[in-house]
Amino acid sequence: MSEPRIRMAGFAGSLRAGSFNRAMLRAAREHAPDGVDLDILDLTDVPIYNGDVEAAGDPEPVTRLKAAVHGADLVLIATPEYNFGVPAVTKNAIDWASRPPRPHAWDGKPVAVMGTSPGRFGTVNAQRVVRQSLTHLNAYVLPQPMIVIPGASGLFDDDLRLVDPPTIERMTKFMAAAAGWARRFLGPGGAE
Ligand SMILES: Cc1cc2nc3c(=O)[nH]c(=O)nc-3n(C[C@H](O)[C@H](O)[C@H](O)COP(=O)(O)O)c2cc1C
């Protein structure tokens, strides 16, 4: 019997058109193993969390975000690092998706975290904090391999396609591990 397909949803914690982290998500899709579909979400119109906005009813981009997280077999988060911490865009998406209806979308959700930055530390600080929030939310975060990618500006061509062979190799291994992690949480018949 063939294995069920894995449906991943991914988002980058950056809104800029030339985002290296969104480019990494595209590379993740390109180098994912057979049987994996990765839908890249657009967070541009997700407002900053505000309890008053929520009380009036989730805006449509928030409804879409929650549904995408709920429906995915694994969520792939590509986060930049700002000031040794988590950029607002990443945290805002995590926060909205942690809200009702209960159980919230992160509860029991397999997640894999990655990130890249032009500097030397490659988002290690941001990823640590993202993992902490997700663990608090009872998400199941892929423990290893971590994929912390420094020197982002030297890894892509002019079209922001990942072209650095060692990074492609790491990405391929990471995506194989993420797919294996997602499969651990699927029921015997695949996605519910
Ligand atoms: C406010 C701000 C703070 C930053 N702080 C860090 C940092 O602490 N560590 C780091 O590696 N890069 C830092 N950077 C650089 C980002 O890694 C870089 O802008 C990166 O390209 C952002 O991700 P993106 O390409 O996906 O938009 C910072 C950038 C900004 C705008």
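The protein chain contains 6 helices and 6 strands. The structure is a predicted model. Read from the N terminus, the elements of the protein chain follow the order β-α-β-α-α-β-α-β-α-β-β-α. Along the principal axes, the C-alpha atoms of the protein chain occupy a box of roughly 45 × 45 × 25 Å. The radius of gyration of the protein chain is 16 Å, in agreement with the value near 16 Å that a compact globule of 192 residues would have. Of the 192 residues, 41% count as buried. Of the contacts between residues at least 6 apart in sequence, 78% join residues at least 24 apart.

The largest nonpolar core comprises 58 residues, and L74, L76 and A178 have the most contacts inside it. Helix α6 gives the most to this core, contributing 7 residues. In soluble globular proteins, nonpolar side chains tend to be buried together. With residues up to four places away in sequence left out, L76 touches M8, G10, L25, A28, L38, A112 and A178.

Two of the residues touched by L76, L25 and A28, are also among the buried residues of helix α1. This helix spans residues 20-30 and is largely enclosed by the rest of the structure, because 8 of its 11 residues are buried. The buried set consists of F20, N21, R22, A23, M24, L25, A27 and A28. These residues pack against strands β1 (6-12), β2 (36-40), β3 (74-78), β4 (110-116) and β6 (147-149), and against helix α6 (165-184).

Helix α6 also carries I168. I168 has 15 C-beta neighbours inside 10 Å and therefore counts as partly exposed; a residue is buried at 20 or more such neighbours and exposed at 12 or fewer. Apart from neighbours within four places in sequence, I168 is in contact with H31 and L162. The C-alpha atoms of I168 and A17 lie 22 Å apart in space, with a separation of 151 residues in sequence.

Definitions and conventions. Residues numbered from 1 in each chain as written. Predicted model: local features only at pLDDT ≥ 70, side-chain atom pairs only at ≥ 80, totals over all residues. Helix = DSSP H or I, 4+ residues; strand = E, 2+ residues; numbered from the N terminus. Contact = placed C-beta atoms within 7 Å. Rg over C-alpha atoms; globule rule 2.2 N^0.38 Å. Core = buried A, V, L, I, M, F, W, Y, C linked by C-beta atoms within 7 Å.
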